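Please read the points in order.

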Amino acid sequence: MTEQRTDFRDLLRRRRAELGLSLRDMEARCIDPASGEQARFAWLGKVEAGKPVDIPKEERLIAVSIGYDLPEKIVKAAAAKQFLGYDPVADPSVVWSGDLTTRIIVAHAEDMDEDARQQLAEIAETFARRKAQRNEGAESKSDE
């Protein structure tokens, strides 16, 4: 018998603990504004408890990424691993960046301990936020 994957469950449990929120809080936050799809309390509870659930549709994964304040790609990759047994990181046909820098970063991250990976993730998140803020600043100046 194959071991059941828990990538998606683990991601949601860990992130909700980081946020310090209840499942009811997460339900209120997990809404995809484009489709109106909401990740409901009961479904989130089953996922976190490791109980069987249907494979979530893309709209629900988007709602989860919004509610848990996680990049959509991270949520989708964890769901693909858990529900489909597909790991995009291990798929050599997936192009991450033309100059292979993304694969190099991931290769090194796999050799790091949990604390070092967390520090690297925080650096990447800080970089992305600053870039977004710079882009927003440039857009507002062009509107003036």
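1. Are phenylalanine 8 and tryptophan 43 buried or exposed? Both phenylalanine 8 and tryptophan 43 are buried, where buried means under 20% relative accessible area, exposed over 50% and partly exposed in between (1.4 Å probe, protein chains only).

2. The model is predicted: local features need pLDDT of at least 70, side-chain atom pairs count only at pLDDT 80 or more, and totals for chains, interfaces and linings use all residues. Residues are numbered from 1 along each chain as its sequence is written, and side-chain values use heavy atoms, with hydrogens and water left out.

3. Two aromatic pairs are present (ring centres of Phe, Tyr and the six-membered ring of Trp within 6.5 Å; planes under 30 degrees apart are stacked, over 60 edge-to-face, the rest tilted). Phenylalanine 8 and tryptophan 43 make a tilted pair, at 6.1 Å centre to centre and 55° between the planes. Ring pairs join Phe8, Trp43 and Phe83 in a cluster.

4. Eleven salt bridges are counted (a side-chain nitrogen of Lys or Arg within 4 Å of a carboxyl oxygen of Asp or Glu). Arginine 40 and glutamate 27 form one of them, at 3.9 Å from N to O. Glutamate 27 counts as buried because its relative accessibility is 15%, whereas arginine 40, at 47%, is partly exposed.

5. Arginine 60 bridges to glutamate 37, with the closest N and O atoms 3.0 Å apart. Arginine 60 is partly exposed at 21%, and glutamate 37 is partly exposed at 24%.

6. A network of salt bridges links Arg15, Glu18 and Asp69.
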